[in-house]
Amino acid sequence: MNMICVQEQHLPGNSMEEKWETAQEWGFDGIELRGKGDFGFRKRLPELRKAAARGIPMPTVCVEMLHFIGAFDATQRQDAIVQMKSLLDVMAEIGGRGAMTPASYGMFSDRLPPFVAPRSTEEDRAVLIDGLGQLGAHAATLGVELYLEPLNRYENHMVRRLDDAVSLIKEIGLDSVKVAADTYHMNIEEADPAAALLAAGPYIGHVQASDSNRLEPGAGHIDWALFGSTVRAIGYTGPVALESRLSGPAQDVLPASPVLLRRFL
């Protein structure tokens with residue numbers, strides 16, 4: 001049975017304990033954390049240690065920064081690597097599974113002007129192999145995992161489909177680096193999302209769920225029955241985390257999401 005998680009920003013409360021109480025009331029099994037840069041996530045370690053000690057499930061963290069490991073600027077790339085290592089350290093400390101990152105976000109899109117990136121495809125790949133390799137090696141020493149999340153063509157130009165991520169992971173050759181599959185981005189980029197998920201199955205380490213319009217599951221047109229059967233077919237038993245915007249107040253719309261997902265998973 002997959003753990004159904006909700007990202008922490010949707011939960012009311014001034015502490016993880018208060019957020020967890022609401023998450024349970026709404027039918028969720030765990031909380032996906034958000035990891036801010038400038039070591040903001042590391043500063044939360046005492047709070048998160050306390051929550052973990054009280055049995056609050058916090059299996060994954062999604063990085064939340066303005067630059068990432070694929071940045072064009074070398075200083076920003078190095079900072080992103082340092083920040084991601086810090087996220088991995090914290091997740092190991094609290095008994096989590098791992099941390100996820102895209103190659104980049106909002107840095108460049110070849111679907112929007114000026115259409116030509118300032119770095120070649122070969123240079124893009126080299127940068128990502130280097131950064132992911134460093135982070136994967138660090139994750140392996142800690143016993144956690146790094147999840148590479150493909151983003152759609154308007155948010156990122158380097159890793160857009162699951163097979164883009166798999167290709168990089170195969171070249172890196174570390175079991176600690178896996179793919180984070182997000183149903184919203186797959187809805188845009190994959191010609192056949194179910195087939196893409198099946199093909200990437202052995203490399204899937206994390207799954208995020210939101211509907212075709214980036215709202216909560218059930219508010220768009222994704223085929224959740226097909227999604228659930230595909231997740232079962234690849235043998236994925238890890239968390240499915242709701243990462244979405246909301247179609248209404250959280251207390252009104254979120255309780256339906258775990259019900260919907262459990263119907264098919």
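How many disulfides does a search of the whole structure find? It finds zero, counting as a disulfide any pair of cysteine sulfur atoms within 2.5 Å. Take C5: its sulfur sits 13 Å from the closest cysteine sulfur, the one in C62, and that is too far for a bond. C5 counts as buried because its relative accessibility is 0%, and C62 is buried too, at 6%; buried here means under 20% relative accessible area, with a 1.4 Å probe and protein chains only.

A word on the model: it is predicted, so local features need pLDDT of at least 70 and side-chain atom pairs count only at 80 or more, while totals for chains, interfaces and linings use all residues. Residues are numbered from 1 along each chain as its sequence is written, and side-chain values use heavy atoms, leaving out hydrogens and water.

Now for the barrel. Eight strands close it in the order β1-β2-β3-β4-β5-β6-β7-β8, with parallel pairing. Strands are DSSP E runs of at least two residues, helices H or I runs of at least four, numbered from the N terminus; two strands pair if DSSP finds at least two bridges between them. β1 (residues 4–7) and β2 (residues 30–36) share three bridges, and C5 stands opposite G30 in β2.

Helix α4 (residues 121–142) packs on the sheet, touching β5 and β6, where contact means heavy atoms within 4.5 Å. Its buried residues, among them V127, L128 and L132, pack against α3, β5, α5 and β6. After α4 comes G143, with a positive phi near 80 degrees.

Notes:
Axes fitted to C-alpha atoms, helices over the stretch in contact; angles between N-to-C directions. Buried < 20%, exposed > 50% of the residue type's maximum accessible area, 1.4 Å probe, protein only.
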